[in-house]
Amino acid sequence: MPRCGTVALAGRPNVGKSTLLNALVGEHLAIVAAKPQSTRVPVVGLLTRDDAQFILTDSPGLLEPEYPLHETMRDAAVRAIADADVVAYLHPLAEFPAPPFVEVARLAHAPRGAVIPVYTKADLLAPSARPAVRPSDGVVVSAVAGEGLAALLGALGARLPESPFHYDPDEIATQPLRFFAAEFVREAAFELLRQELPYSVACAIEEFRESASPVYIRATLYVERDSQKGIVIGESGRTIKALGQAARAKIETLVGQPVYLDLHVKVLPRWRRDAPSLQRLGYAPS
Ligand SMILES: Nc1nc2c(ncn2[C@@H]2O[C@H](COP(=O)(O)OP(=O)(O)OP(=O)(O)O)[C@@H](O)[C@H]2O)c(=O)[nH]1
Ligand SMILES: [Mg+2]
């Protein structure tokens, strides 16, 4: 009997959840940023290996909510954890040992699925500086160096339920291309905008014409204040142009075709704290 089930990648912000999802799936699906709190909604990646199908859910970092967007992020992470057959609990190897998962996730009780500690970013430590991690402590990985991924899949796969596959083995994603287009605009914002500005950026896809050549995408990049709009546009439109080019290149890689990205900037005041705006941007269940 094959195995198939859901694996939640969970942990504090910035521990390397999205990078690990991409390394396991072998495609850049989830956005990655040097700054924490880049993932706002779960991203699902599929991996089918021999007789096991992994439905991998990259979840927002577990944090103490400070405003309504944070609350939607935490709710989404907690839901992904509750739904999972197995929880991969990511924590940097440099901070071994990880505190108990229920404390970090602030859960009232242990999740239904087994929790496997995964110690990340192993490449940042010289071999002599690495803590001694026993197999019973968890799995050591480096998504960047590709270390430990086979062992991780072995540990996760052994805990998946016996079940027929839920998806075609060739599929790698479940969310529509327009979702990834909006995410890649945000990833470009994390790369090109400074300080706190990426946290005020959201993106909505207004039109996505896949039959057009090049593929036509009209998108709105939202910020929270007029002053931020000025910075995002930049002198003579320089910043928004660079942002659009970076986002377009990322979208083209996933779509596999040339893309025309028609990107506009608008102000949506205090959208991070406004329930109707959060809903409209896809951050809250409607
Ligand atoms: N050296 C090294 N850096 C890594 C590794 N994995 C992730 N990183 C870096 O760590 C930072 C955060 O990575 P993400 O994958 O965005 O982390 P995350 O846990 O998804 O973060 P949030 O979504 O914000 O909670 C980025 O700068 C990554 O390049 C790794 O294996 N080695
Ligand atoms: Mg992430």
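Which element gives the most to the lining of the second largest pocket? In this predicted model, for which local features need pLDDT of at least 70, side-chain atom pairs count only at pLDDT 80 or more, and totals for chains, interfaces and linings use all residues, side-chain values use heavy atoms, with hydrogens and water left out. Residues are numbered from 1 along each chain as its sequence is written, while chains are lettered from A and ligands numbered from 1 in the order in which they are written.

With 4 residues, α5 makes the greatest contribution to the lining of the second largest pocket. Helices (H or I, at least four residues) and strands (E, at least two) are DSSP runs, numbered from the N terminus. On a 1 Å grid over the protein atoms alone, a pocket is an open set of points where a 1.4 Å probe fits, with protein on both sides within 12 Å along at least five of seven lines, and its lining residues have an atom within 4 Å of a point. The lining of the second largest pocket consists of 13 residues, of which Arg178, Phe179, Ala182, Cys203 and Leu281 lie nearest its centre. Two or more of the lining residues are given by each of α5 (177-192) and β7 (202-209). The volume of this pocket is about 280 Å³, a volume being the space filled by probe spheres set on the grid points, which are joined across faces, edges and corners. Its lining comprises 9 nonpolar, 1 polar and 3 charged residues; Ala, Val, Leu, Ile, Met, Phe, Trp, Tyr, Cys and Pro count as nonpolar, Asp, Glu, Lys and Arg as charged, and the others, Gly among them, as polar.

The largest pocket has a volume of about 330 Å³. Of its 27 lining residues, Asn14, Val15, Gly16, Thr19 and Lys121 lie nearest the centre. The largest share of this lining, 4 residues, comes from α1. By class, 13 of the lining residues are nonpolar, 10 polar and 4 charged.

A magnesium ion (ligand 2) is coordinated by Ser18 through OG and by Thr39 through OG1, at 2.0 to 2.1 Å. Serine 18 belongs to helix α1 (residues 17-25) and threonine 39 to the loop between α1 and β2 (43-49), so the pair ties together parts that are 21 residues apart in sequence. Donors are N, O and S atoms within 2.8 Å of the metal (3.2 Å for Na, K and Ca); because water is not among the atoms, sites may look incomplete. Serine 18 and threonine 39 are both buried, where buried means under 20% relative accessible area, exposed over 50% and partly exposed in between (1.4 Å probe, protein chains only).

Phenylalanine 96 and proline 97 are joined by a cis peptide bond, with omega about 0 degrees. Proline 97 is placed in the loop between β4 (86-92) and α3 (101-104). Glutamine 195, although not a glycine, has a positive phi of about 50 degrees, and counts as exposed at 62% relative accessibility.
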